[in-house]
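Subject: Structure handover

Hello,

Here is the structure I promised to pass on. Please open it alongside this message, and then read on for what turned up in it.

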Amino acid sequence: MDKVEQNLLIGAFATGAVDLGFEAYHSYYAGKGEPLTYFPYQTIHPAIPPYDDWIALAGFPLLLYLAGKGMKKQSLVEMAKGGAIYGVSELIGITMFRVILETQPALRYVVVR
Amino acid sequence: MTFNPLKMNPVEKRLLLGGLANSLTYWANSAAEARLPQYPPELKDRLEEHLPRHGELIADLAPPAILYLAKKVSKNTSTKEKLGDVGFGAMLYAFPNLMAKTGSRAAYVEGTKVALAVRARAPTVPATYKVSAVAPTRTVAPTVGKYRVTA
């Protein structure tokens, strides 16, 4: 794996780690029976991902990108690219999942052909 | 990197394509698990309570594995390179996602254990009062005269 690929992977894992931090905190309290309902675990619509997903998956790669451009470090920009690939993919996937859950009711009958 | 898909170079486009394909596979599996009654129950099982479900693991790790095999099998150099880029993009999604989902699940399980421990330590009722299921005996003196007690 060359240096660029390593930086992409580091950026993706770093974004995943930020996402893990938010999700694990929320999941821990959900397991305790005390689900968190305050910012950033809120959303403007059930079909749209909550704010913590936007912060972790879009905000963190953007932060890395701005830091890389500001400090003129190409490695940080490459990490931001890796984070953006993970983050954008996850945001689109989560949105698709939430839209399906919102629009498709749970099926009670199996269609037999 | 610009976030405008039209201005990305071809390698970046292929990386993003790989990540998107893997993400859509993973979340399509999650949607099927949540909404389809004919979803196989074996895929809902877990090896261990802290790990993701079998279906989630397959949906997450299969795309990069399949793309890697396709790259190995293809003979054309250009196709190998393109499949390698798409496969690497899928890997950029798969491994961090697996890390995040496993950590989230582990945190949930630990939270349920804490909740169970708190409930187990709940204070018991003090034994100040004796609870008896036996009704106290009552005697009714027979009435002589006008009224007679029958009960």
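A cavity here means a set of grid points where a 1.4 Å probe fits but cannot get out, and its lining residues have an atom within 4 Å of a point. Please keep in mind throughout that this is a predicted model.

**The cavity**

A search of the whole structure turns up one cavity of 30 Å³ or more. The space inside the largest cavity comes to about 40 Å³. Its lining is made of B:Tyr26, B:Pro52, B:Glu56, B:Leu57, B:Asp60, B:Asn97, B:Leu98 and B:Lys101. Helix 2 (54–73) and helix 3 (77–120) of chain B are the elements that give two or more residues to this lining. By class, the lining residues split into four nonpolar, one polar and three charged.

B:Asn97 sits in helix 3 of chain B. Is B:Asn97 buried or exposed? With a relative accessible area of 0%, B:Asn97 is buried, because the cut-off for that class is under 20%. Leaving aside residues up to four places away in sequence, B:Asn97 touches B:Tyr26 and B:Asp60 in chain B, and A:Tyr86 and A:Glu90 in chain A.

The largest pocket has a volume of about 910 Å³. There are 27 residues in its lining, and those nearest its centre are A:Glu23, A:Ser27, B:Trp27, B:Lys101 and B:Ser104. Both chains take part: two or more lining residues come from each of helix 1, helix 2 (51–71) and helix 3 of chain A, and from each of helix 1 and helix 3 of chain B. Sorted by class, the pocket lining holds eleven nonpolar, four polar and twelve charged residues.

In soluble globular proteins, nonpolar side chains tend to be buried together. The largest nonpolar core in this model has 20 residues, and the members that touch the most others are A:Tyr86, B:Trp27, B:Phe88 and B:Leu92. At least two residues of this core come from each of helix 1 (3–32) and helix 3 (74–103) of chain A, and likewise from each of helix 1 (10–35) and helix 3 of chain B. What does B:Leu92 touch, not counting residues up to four places away in sequence? Its partners are A:Leu8, A:Leu9, A:Ala12, A:Ile85 and A:Tyr86.

A second, separate core has six residues, including A:Leu64, A:Val77, A:Met79 and A:Ala80. A:Val77 belongs to helix 3 of chain A. A:Val77 counts as buried because its relative accessibility is 5%. From A:Val77 to A:Ala67 the C-alpha distance is 7.9 Å, and the two are ten residues apart in sequence.

**A buried aspartate**

A:Asp19 is part of helix 1 of chain A. Its relative accessible area is 2%, so A:Asp19 is buried. Apart from residues up to four places away in sequence, A:Asp19 touches A:Asp53, A:Ala56, A:Leu57, A:Tyr86 and A:Glu90, and also B:Ala100 in chain B. A:Asp19 and A:Gly87 are 68 residues apart in sequence, while their C-alpha atoms are 9.1 Å apart in space.

**Two backbone points in chain A**

Most residues other than glycine have a negative phi, and most peptide bonds are trans. A cis peptide bond joins A:Phe39 and A:Pro40, with omega at about 5 degrees. A:Pro40 lies in the loop between helix 1 and helix 2 of chain A. A:Lys72 is not a glycine, yet it has a positive phi of about 55 degrees. A:Lys72 is in the loop between helix 2 and helix 3 of chain A, and it counts as exposed because its relative accessibility is 74%.

**Chain B overall**

Chain B has three helices and zero strands, in the order α-α-α from the N terminus on. Of its 151 residues, 31% are buried. Among contacts in chain B with a separation of 6 or more, 60% are between residues 24 or more positions apart. Chain B exposes about 10100 Å², and carbon and sulfur atoms supply 65% of that area.

Happy browsing, and best wishes

How values were computed:
Residues are numbered from 1 along each chain as its sequence is written. Chains are lettered from A and ligands numbered from 1 in the order in which they are written. This is a predicted model: local features need pLDDT of at least 70, side-chain atom pairs count only at pLDDT 80 or more; totals for chains, interfaces and linings use all residues. Side-chain values use heavy atoms; hydrogens and water are left out. On a 1 Å grid over the protein atoms alone, a cavity is a set of points where a 1.4 Å probe fits but cannot get out, and a pocket is an open set with protein on both sides within 12 Å along at least five of seven lines; lining residues have an atom within 4 Å of a point. Grid points are joined across faces, edges and corners, and a volume is the space filled by probe spheres set on the points. Helices (H or I, at least four residues) and strands (E, at least two) are DSSP runs, numbered from the N terminus. Ala, Val, Leu, Ile, Met, Phe, Trp, Tyr, Cys and Pro count as nonpolar, Asp, Glu, Lys and Arg as charged, and the others, Gly among them, as polar. A nonpolar core is a set of buried Ala, Val, Leu, Ile, Met, Phe, Trp, Tyr and Cys residues joined through side-chain atoms within 4.5 Å. Buried means under 20% relative accessible area, exposed over 50%, partly exposed in between (1.4 Å probe, protein chains only). Contact means heavy atoms within 4.5 Å. Accessible areas come from the Shrake-Rupley method with a 1.4 Å probe; for residues, only the protein chains shown count as cover.
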